[in-house]
Amino acid sequence: MHLKAPEHQVAGHIAKDGKPGPLVDDKGRFFKPLQGDSRGEIEVKFYESFSSNTEVPDHIRRYFPVYHGTQAVEGSDGAAMIVLENLLSKYSKPSVMDVKMGSRTWYPEASEEYIQKCLRKDARSTTVSSGFRISGFEVYDHKELSFWKPDRKLLNGIKVDGVRLALRKFVSSNTLSDTSSKPDSAFASSVYGGSRGVLTQLLELKTWFENQTFYHFNSCSILIIYENESIHDDGARAQVKLVDFAHVHDGNGVIDHNFLGGLCSFINFVRDILQSSDESTDN
Amino acid sequence: MLKVPEHQVAGHIAKDGKLGPLVDNQGRFYKPLQGDARGENEAKFYESFSSNKNVPDHIRGYFPVYHGVQLVEASDGSGKLPHMVLEDVVSSYVKPSVMDVKIGSRTWYPDVSEEYFNKCIKKDRATTTVSLGFRVSGLKIFDCQESRFWRPDKRVVLAYKADGARTALRKFVSSNSLADDSVPDCAYASEVYGGSDGILVKLLEVKAWFETQTLYHFNSCSVLMVYENDSGGDERRAQVKLVDFAHVLDGNGVIDHNFFGGLCSFIKFIQDIL
């Protein structure tokens with residue numbers, strides 16, 4: 001089994017300083033190290049529950065990575081890893097964005113220390129104001145023919161206008177590193193729009209969230225992926241996936257109002273960009 | 001001649017020389033402008049809202065009608081104070097059951113003082129605000145078996161957890177004796193919550209507006225539910241009104257995701273009862 005570090009990870013833990021990071025193989029699988037202090041356990045428990053939950057409709061199941069159990073992997077000190085579908089394996093030049101959903105990343109069951117840490121981070125970012133924050137993204141620059149990623153520190157400090165700019169850059173073809181050029185949003189309608197675009201997928205998820213009381217997806221992200229190779233001929237093949245379930249808890253008969261509110265806000269941001277780009281192409 | 005409202009379930013009460021709202025016998029509600037900018041903020045909201053052309057008419061019906069500000073003799077004897085003049089939402093009812101539900105998984109909002117933030121978050125975490133996205137602030141239900149109003153103590157209401165909130169919502173539409181621990185019969189659930197003009201339909205209309213409106217953020221606002229118990233009338237005349245706008249802010253192009261999430265959760269609770 002040939003394992004290597006994933007190429008396009010935009011958020012979350014990476015392999016650094018001897019600490020294990022995620023790995024991918026050449027068979028479309030993603031190996032995620034089990035995080036310490038019960039988070040890994042919670043994530044496994046979620047995947048086990050979710051895979052066997054017959055009440056989750058099939059069309060919703062496709063928004064979640066396929067789960068392949070846990071495995072001890074060589075080179076990671078025999079530590080168990082969660083084996084998942086590698087969401088990027090079918091893409092050759094993917095642009096990826098990670099959006100953490102919800103107007104709070106803490107939850108009642110968390111420790112006081114964790115709650116305070118989250119409150120600070122939520123207030124500093126767009127989480128409190130907008131109901132979500134962009135954790136990271138990487139986009140293919142069609143002029144420079146290379147991937148561009150904004151500075152992590154800069155991203156952490158953005159406000160609402162910065163979010164809109166990032167969402168535009170994410171679907172643009174012009175040189176992104178140049179801050180003076182306006183993003184052209186050239187791929188807005190192929191990525192965000194269309195019958196299978198990001199907006200349609202998010203709306204499907206939203207309908208499920210209005211009723212499902214199985215899980216509270218605390219601190220989960222929505223990953224947006226699309227293909228840049230032959231985008232003009234073959235389309236963007238945009239995909240929305242929910243990821244990162246280390247803090248998921250039982251819904252206990254209550255809907256995940258925190259995630260739902262944030263998701264609805266995010267949908268509005270995407271819709272605004274789609275509409276303004278449609279208007280500009282009409283001119 | 002102004003008097004203390006009979007059916008107020010939450011907020012400051014004009015009793016025992018305290019400053020609170022008053023009503024007249026012409027369907028108007030006089031709310032004293034509270035100190036520290038909140039009163040000003042609420043009046044500012046009503047002024048903005050009444051003249052905002054972007055609010056659809058059918059949504060306007062879910063807000064009390066605003067009649068400006070008037071100097072009125074205050075309930076605490078401190079002389080003439082400015083009062084907001086609003087529609088008295090319960091004035092046309094003979095025996096109204098009323099429930100006030102504060103919507104949103106947080107009652108605080110960005111840029112408040114640390115003191116206010118701490119006060120809010122403590123209350124939000126102690127009640128069902130954080131867990132359910134809403135909390136019952138007050139209720140007064142007409143018990144038709146006992147033929148009188150039942151009103152639980154405010155401290156009991158604030159101590160509700162998810163089950164308490166659910167039970168309160170069931171009791172709200174029940175005919176059996178409310179004071180004891182008998183299981184609420186939800187006899188009026190389909191008349192009050194259900195039907196083509198019931199509370200659920202109204203809440204869904206409000207929800208649809210909140211999916212896209214970016215005009216206002218309704219921090220710490222409540223949904224007031226009212227219906228008639230008077231056996232003389234045929235209809236329940238269930239009503240939904242949004243109230244308490246002291247902490248409303250501009251939406252600034254972002255939807256009120258806090259209110260929206262809480263409202264959806266509240267709607268699910270009502271749907272489950274139906």
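This is a predicted model: local features need pLDDT of at least 70, side-chain atom pairs count only at pLDDT 80 or more; totals for chains, interfaces and linings use all residues.
Side chains of opposite charge can pair when their charged atoms come close. Over all chains, a search of the whole structure finds 25 salt bridges. Three of these pairs are described here, starting within chain A.

E43(A) pairs with K32(A) in a salt bridge, and the closest N and O atoms are 3.1 Å apart. The pair links distant parts of the chain, eleven residues apart. E43(A) sits in helix α1, residues 39–51 of chain A. K32(A) sits in strand β2, residues 29–33 of chain A. Both E43(A) and K32(A) are buried.

A second salt bridge joins the side chains of E229(A) and K93(A), at 2.7 Å from N to O. E229(A) lies in the loop between β9 (221–227) and α9 (231–234) of chain A. K93(A) lies in the loop between β4 (80–85) and β5 (94–101) of chain A. The pair therefore ties together parts that are 136 residues apart in sequence. E229(A) is partly exposed, with a relative accessible area of 37%. K93(A) is also partly exposed, at 23% relative accessibility.

The third pair crosses between chains. K207(B) forms a salt bridge with E210(A), with 3.3 Å between the closest N and O atoms. K207(B) belongs to helix α8 of chain B, residues 199–210. E210(A) is in the loop between α8 (198–209) and β8 (215–216) of chain A. K207(B) and E210(A) are both buried. The two residues are part of a network of salt bridges that also links K206(A) and E211(B).

K117(A), R120(A), K121(A), R124(A), K149(A) and R152(A) form a positive surface patch. Helix α3(A) gives the most to this patch, with four residues. R120(A), one of the patch residues, is found in helix α3 of chain A. R120(A) counts as exposed because its relative accessibility, 51%, is over the 50% cut-off.

T126(A) lies in the loop between α3 (112–124) and α4 (127–130) of chain A. T126(A) has a relative accessible area of 2%, so it counts as buried, the limit being under 20%.

Conventions: Residues are numbered from 1 along each chain as its sequence is written. Chains are lettered from A and ligands numbered from 1 in the order in which they are written. Side-chain values use heavy atoms; hydrogens and water are left out. Helices (H or I, at least four residues) and strands (E, at least two) are DSSP runs, numbered from the N terminus. Buried means under 20% relative accessible area, exposed over 50%, partly exposed in between (1.4 Å probe, protein chains only). Patches are made of residues with over 30% relative accessible area and no salt bridge: like charges are joined within 9 Å, nonpolar side chains (Val, Leu, Ile, Met, Phe, Trp, Tyr) within 5 Å. Accessible areas come from the Shrake-Rupley method with a 1.4 Å probe; for residues, only the protein chains shown count as cover. A salt bridge is a side-chain nitrogen of Lys or Arg within 4 Å of a carboxyl oxygen of Asp or Glu. Lys and Arg count as positive and Asp and Glu as negative; His and the chain ends are not counted. The place of a charge is taken as NZ of Lys, CZ of Arg, CG of Asp or CD of Glu.
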